[in-house]
Amino acid sequence: GINAEYGVLSIVQDADRLDAIGALGIARCFSFGGSKHRPLLTPSSLVTPLMSDPVNAEAIRKEEQSKGANNGASINHFYEKLLKLKDLMKTRSGKEVAEERHKFMLTFLSQFFSEWNADS
């Protein structure tokens, strides 16, 4: 019936979204960006606010994106899509796994910006 089909669709959607986040999602993001010759991170007005507050940077990204500041950098993809996926999960188990992977991505971003800013 329709409920069974919806359940299967939810499972498939969650699986697809889970593939995009966490350690393997980070690897895929950088691999794709590299294959398209996209910058890892482009220093701009975006960089300093993200480095100082990577956890709450979504509002900063939206502001910059509305100004046309999207430079295609791989790190931007975290704020444009990857960090939003946790809230789109449909199944209980998908939500649980997504929460763990989301936290890992935030930890990664904090470490990334700490290292990026090390020479400043």
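**Stop 1: the largest pocket**

This is a predicted model. Begin at the largest pocket, which has a volume of about 340 Å³. Its lining is made up of 18 residues. To find the middle, select Cys-29, Phe-32, His-77, Lys-81 and Leu-82, the lining residues that lie nearest the centre of the pocket.

Next, colour helix H1 (2-19), helix H2 (22-35) and H5, the elements that each give two or more residues to this lining. Which element gives the most to the lining? The answer is H2, with five residues. Colour the lining by class as well: the largest pocket has six nonpolar, six polar and six charged residues in its lining.

**Stop 2: confidence along the chain**

Switch to colouring by pLDDT. The protein chain has a mean pLDDT of 82, and 70% of its residues reach 70 or more. Among the elements of the chain, H2 has the highest mean pLDDT, 96. Helix H3 (residues 47-52) has the lowest, 54. Where pLDDT is low, the predicted coordinates should not be read in detail.

**Stop 3**

Select Ser-10, which is in helix H1. Is Ser-10 buried or exposed? Its relative accessibility is 5%, so Ser-10 counts as buried. Leaving out residues up to four places away in sequence, Ser-10 touches Lys-90 and Thr-91.

Now select Thr-91, in the loop between H5 and H6. Thr-91 is also buried, with a relative accessible area of 18%; the cut-off for buried is under 20%. Draw a distance between the C-alpha atoms of Thr-91 and Ser-10: these residues are 81 apart in sequence and 6.7 Å apart in space. Again leaving out residues up to four places away in sequence, Thr-91 touches Ser-10, Ile-11 and Asp-14.

**Stop 4: the salt bridges**

Side chains of opposite charge can pair when their charged atoms come close. How many salt bridges does a search of the whole structure find? It finds three.

For one of them, select Lys-86 and Asp-87. Their closest N and O atoms are 3.1 Å apart. Asp-87 has 58% relative accessibility and therefore counts as exposed.

Glu-99 lies in helix H6 (residues 92-116), while Lys-86 is in the loop between helix H5 (74-80) and H6, so the pair ties together parts that are 13 residues apart in sequence. With 32% relative accessibility, Glu-99 counts as partly exposed.

Move along H6 to Glu-96 and Arg-92. Their side chains meet in a salt bridge, with 3.3 Å from N to O. Why are Glu-96 and Arg-92 separated by about one helical turn? Because they are four residues apart in helix H6. Glu-96, at 47% relative accessibility, counts as partly exposed, whereas Arg-92, at 61%, counts as exposed.

To finish, select Lys-86, Asp-87 and Glu-99 together: salt bridges that share partners join these residues into one network.

Note on methods
Residues numbered from 1 in each chain as written. Predicted model: local features only at pLDDT ≥ 70, side-chain atom pairs only at ≥ 80, totals over all residues. Heavy atoms only, no water. Salt bridge = Lys/Arg side-chain N within 4 Å of Asp/Glu carboxyl O. Buried < 20%, exposed > 50% of the residue type's maximum accessible area, 1.4 Å probe, protein only. 1 Å grid on protein atoms, 1.4 Å probe; cavity = no way out; pocket = protein on both sides within 12 Å on 5 of 7 lines; lining within 4 Å. Points joined across faces, edges and corners; volume = space filled by probe spheres on them. Nonpolar A, V, L, I, M, F, W, Y, C, P; charged D, E, K, R; others polar. Contact = heavy atoms within 4.5 Å. pLDDT = per-residue confidence, 0-100.
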